[in-house]
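Please open the model in your viewer and follow the selections below in order. Each stop states what to select and what is found there.

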Amino acid sequence: MNLPGNLKYTKDHEWIKIEGDVAIIGITDFAQNELGDIVYIEVNTVGETLEQEETFGTIEAVKTVSDLFMPVSGEVLEFNEKLEGAPETVNQDPYEGGWIVKVKISDNSELEDLLDADAYKAIIE
Amino acid sequence: MKTTVFKDKHEAMGAKMVDFAGYYMPVQFEGVNVEHQTVREAVGVFDVSHMGEIWVEGPKAYELVQKVSSNDIAVLSQGKVQYTCFPNDKGGIVDDFLVYHFSREKYLLVVNASNIEKDWNWLVKQNEGVGAQLSNASDETSLLAVQGPLALKAMQKLTDEPIEDMPFYTFKVLEFAGVKDVLLSTTGYTGAGGCEIYIPNESGPEIYDAILEAGEEFGIKPVGLAARDTLRLEMGFCLYGNDINDETSPIEASMGWLTKFTDGNDFINRDYLEKQKQEGVSRKLIGFELLDKGIARQHYPIKDAQGQTIGEVTSGTMSPSLKKAIGMGYVKKPFAKSGTDIFIEIRGKLVKAQVVKRPFYKG
């Protein structure tokens with residue numbers, strides 16, 4: 001299971017990469033594998049400011065649909081438009097090309113709630 | 001949870017295993033889309049050993065099967081298979097199943113895994129005063145579905161008996177991969193052609209290996225239940241528990257073609273269903289395509305342009321072949337005509353859809 005050490009994680013199987021005051025968010029390799037072939041990702045919250053744990057979108061696999069949760073509070077700045085035409089990128093490249101949204105972090109203290117790779121690994125094993 | 005004799009092989013091939021109707025079954029191997037495509041274009045093998053096999057034998061076999069089955073078994077002869085259902089006595093369906101005609105004193109009924117016990121109890125009850133011999137061979141019988149346009153060509157390598165020209169919905173009992181008395185039928189649940197092979201459990205693993213080896217040059221892959229579902233849904237085939245159940249009638253489900261009101265076919269609930277057919281029903285099972293983005297799932301409401309609920313989704317997925325979101329559901333009769341605009345409520349939002357004819361996938 002691929003778990004890059006430079007990322008943070010949540011119990012909802014999302015990863016977060018911090019770049020200054022921006023968080024780049026996607027789902028983990030474990031999550032994409034559990035979901036199976038992803039066929040549609042819906043995010044219509046760009047421009048909205050959402051609280052930590054609020055739903056910012058949904059991810060549809062062939063068999064199931066799952067909500068996507070804000071790992072931290074903030075404004076949704078951008079949705080990865082490449083995923084509109086190629087949602088399978090999340091299966092193929094979950095940590096790079098398959099990023100889902102960028103969020104402007106509004107409360108740095110929430111970053112302390114995030115898990116490191118080892119703590120996340122303990123959850124999925 | 002029950003297991004099939006192929007469990008170790010599935011796990012060795014990296015299958016994702018799940019509990020399905022009380023059986024530990026492979027839902028996916030390499031990925032649902034690639035498995036689906038393999039069946040549409042070449043050949044795939046499914047473990048469907050969870051399906052139930054019930055034998056009806058003896059001088060009263062014909063009488064019992066005719067009584068419980070909505071289709072007319074009088075038209076069958078040795079080697080023929082028929083799709084049908086057990087109507088209950090309240091306008092619903094106990095199960096849908098296949099009838100294999102060996103003789104008028106020997107039939108095999110192949111039923112859904114989730115309904116084996118219910119079907120068995122139903123048959124025992126209906127057999128009171130009839131007196132056919134019933135036996136449940138489900139736990140001793142393994143079943144592999146080899147499906148796809150190259151399936152019969154690949155399987156021909158494993159038997160001397162000619163199978164490539166077998167008409168659809170027929171069967172033979174033959175020696176297959178060195179195992180005697182294997183039942184092979186040109187049936188399936190994918191719309192891709194191919195066959196289903198019934199094997200005594202003890203010969204299951206060796207036959208599975210032989211099938212994979214024979215199919216290798218044709219690109220055979222193991223396929224899981226997830227792709228079985230997308231394949232059947234592209235064909236508009238009903239899935240018991242989703243699209244049909246104890247409360248849906250075969251007439252509502254557009255299964256009138258397997259409900260035969262012919263002379264001598266005095267099946268359970270015939271009068272009620274015949275009246276439904278003549279007078280019409282208030283709801284119909286339809287197929288639909290989503291015109292805007294989203295995927296319909298079971299139990300999502302179906303609405304009209306005014307936002308009034310007119311029905312409910314029973315099955316839905318993204319079609320791997322068509323790259324469109326498709327589904328089935330019941331709607332009030334005036335909305336059942338193909339071309340009708342309807343809306344699927346997806347997480348509080350109305351998404352535009354259109355009633356279309358089934359099958360969705362036309363090859």
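The model is a predicted one, in which local features need pLDDT of at least 70 and side-chain atom pairs count only at pLDDT 80 or more, while totals for chains, interfaces and linings use all residues. Residues are numbered from 1 along each chain as its sequence is written, chains are lettered from A and ligands numbered from 1 in the order in which they are written, and side-chain values use heavy atoms, with hydrogens and water left out.

Chain B contains eight helices and 19 strands (DSSP runs numbered from the N terminus: helices are H or I of at least four residues, strands E of at least two). Its radius of gyration is 21 Å, close to the 21 Å that the globule rule gives for 363 residues, so chain B is as compact as a globular protein of that length (the radius is taken over C-alpha atoms, and the rule is 2.2 Å times the number of residues to the power 0.38). Along the principal axes, the C-alpha atoms of chain B fill a box of roughly 65 × 50 × 40 Å.

Colour chain B by accessibility next. Of its 363 residues, 59% count as buried (under 20% relative accessible area; exposed is over 50%, and partly exposed lies in between, with a 1.4 Å probe and protein chains only). Of the contacts in chain B between residues at least 6 apart in sequence, 66% join residues at least 24 apart (a contact means heavy atoms within 4.5 Å).

Now select residues 225–235 of chain B. How many residues of helix 7 of chain B are buried? The count is 11 of the 11, so this helix is largely enclosed by the rest of the structure. Charged side chains are among the buried residues, including B:Arg228, B:Asp229, B:Arg232 and B:Glu234. Just after helix 7, B:Gly236 adopts a positive phi of about 75 degrees.

Show both chains and move to the interface. Chain B contributes 18 residues to the contact and chain A contributes 17 residues. The area buried between the two chains is about 1400 Å², with 45% given by carbon and sulfur atoms (buried area is the accessible area, with a 1.4 Å probe, that two parts lose on being put together, summed over both). Select B:Lys293, B:Arg297 and B:Arg347: in chain B these lose the most area to chain A, together 38% of what that side buries.

Proceed to chain A, which has four helices and nine strands. From the N terminus, the order of its elements is β-β-β-α-β-β-β-β-β-α-α-β-α. Of the 125 residues of chain A, 53% count as buried. The mean positions of the 8 positive and 28 negative charges of chain A are 5 Å apart (Lys and Arg count as positive, Asp and Glu as negative; His and the chain ends are not counted; the places are NZ of Lys, CZ of Arg, CG of Asp and CD of Glu).

Finish at A:Glu125, in the segment after helix 4 (117–124) of chain A. Is A:Glu125 buried or exposed? At 71% relative accessibility, A:Glu125 counts as exposed.
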